[in-house]
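Reader: I am new to this structure and would like a close look at a single part of it. Could you take me through the sheet, piece by piece?

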Amino acid sequence: MDKNLKKPSEPADPLSEQRGKAGDKPDADAIGDSLNFTRRRFMGTVAAIGGALGVASLTSGVKTASAKEFSGSSDRYGVLYDLTMCVGCRSCEKACNEENKLAAPKVPFDDPSVFEETRRPMVESYTVVNRYPNPKDPSKPLYRKIQCNHCNEPACATACPVHAYNKTAEGPVTYDVNLCFGCRYCMVACPYYVPAYDYNSALEPRISKCTMCDHRVKHGRPTACSEICPTGALTFGKRIDLIKVARERIMKNPDKYIDHIFGEHEAGGTSWLYISGVPFEHYGFPTNIQKAPMLENTKGFLSTVPLVFTIWPALFGMLYAATQHRSRSENGTDHEKTEEKK
Amino acid sequence: MACKNCHGALDPATPQMPGLKVAYHRQCFQCHWGMADVGVNPKSCTVMCHDKRDQKASAKANKVLY
């Protein structure tokens with residue numbers, strides 16, 4: 001048998017040894033002082049650890065947030081929409097309907113009565129064309145095609161808790177119906193109010209929005225709408241080239257265009273770019289959109305959430321345990337003091 | 001020099017160069033925008049320039065017959 005091993009009768013804890021020497025009843029004051037000292041030291045240690053972890057979490061949170069910044073692939077595609085060239089033929093609507101195999105429209109594509117009301121993209125139509133009065137020439141009304149703008153840093157993808165949205169390297173923001181569980185956070189998050197919910201299908205939740213013909217674009221083919229557009233109001237190409245084309249048109253025709261490319265910077269930039277002859281608010285564009293991606297509003301806060309969920313429970317759990325231990329000790333001491341007085 | 005010598009099929013690599021179809025239409029719209037509701041009514045395309053499908057079909061049939 002090893003001589004270094006302690007004998008079974010030998011007390012392992014010095015405090016228990018002290019208690020043993022003092023008899024069956026421990027010295028209450030001595031224990032109280034010992035516990036107070038331990039509690040202070042414990043509290044100090046907890047506060048120090050908590051503070052250090054808090055600082056570390058904030059620092060790492062900032063680093064994480066900055067590391068995940070995404071300005072998009074430089075080679076991604078886009079569509080330049082020259083609103084001055086649109087004649088409201090609705091060929092784009094028809095091409096989109098056929099390409100995505102959507103249901104037949106309630107109003108035929110060549111029926112101008114559809115312009116009597118302002119429409120928005122819905123389940124049965126990923127894109128719609130609306131008509132607006134022309135302040136420059138009332139005989140030539142203005143038209144605007146509405147669809148998903150395919151943001152560089154899409155707010156819908158950020159808000160989606162199940163990662164049903166994905167920003168592809170080619171430019172389109174895709175949506176996976178198999179992952180969607182119908183929370184509709186994307187509808188709230190989108191600054192352009194584009195995603196539409198299929199309220200007719202409650203058990204199988206489905207959001208509908210423009211796909212930017214992802215199946216075509218990933219092979220370098222233009223979107224169906226831009227391919228069919230007879231007047232060239234829609235121009236498909238690399239986004240970086242389209243910005244140059246837009247700037248050139250504005251520079252060569254300063255009287256025709258206003259000096260603004262909508263979508264170049266709005267909400268961090270979009271794959272769809274617009275140039276116009278009248279202010280964009282005339283077409284109903286939301287012109288109060290911030291330049292920074294919508295993600296910037298929540299990124300700093302959200303990056304600390306996982307840390308809060310891991311560190312705070314541990315920290316507050318330790319504090320709770322310490323206070324419970326102290327109250328138990330104090331109750332026990334008071335009880336013993338009462339016993340002694342009796 | 002023919003238009004198609006420069007304006008071919010739509011090429012995403014050269015977005016500044018319109019395709020042949022777009023180049024033709026832009027030429028038309030320079031003058032005809034507003035005439036017979038061109039650019040105002042989607043049906044107007046078939047009024048001034050383009051035949052409807054059934055008209056095209058009948059025209060082809062007549063061509064075959066005569």
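Author: Let us begin with two terms: strands (E, at least two residues) and helices (H or I, at least four) are DSSP runs, numbered from the N terminus, and two strands pair if DSSP finds at least two bridges between them. This is a predicted model, in which local features need pLDDT of at least 70 and side-chain atom pairs count only at pLDDT 80 or more, while totals for chains, interfaces and linings use all residues. Residues are numbered from 1 along each chain as its sequence is written, with chains lettered from A and ligands numbered from 1 in the order in which they are written.

Now to the sheet itself. In chain A, 3 strands make an open sheet with mixed pairing, in the order E8-E1-E9. Strands E8 (234-238) and E9 (272-275) of chain A are at the edges, and each has a single partner strand, so one side of each has no neighbour in the sheet. From one strand to the next, the twist averages 25 degrees; angles run from 0 to 180 degrees between N-to-C directions, and axes are lines fitted to C-alpha atoms, for helices over the stretch in contact.

Look next at strand E1 (residues 77-82) of chain A, which pairs with E8(A) in the antiparallel sense over 5 bridges. Tyr77(A) has Lys238(A) in E8(A) as its bridge partner.

Finally, a helix joins the picture. Helix H8 (residues 239-252) of chain A lies across E1, E8 and E9 of chain A, and runs at about 130 degrees to E8(A). Here, two residues are in contact if their C-beta atoms, placed from the backbone, lie within 7 Å.
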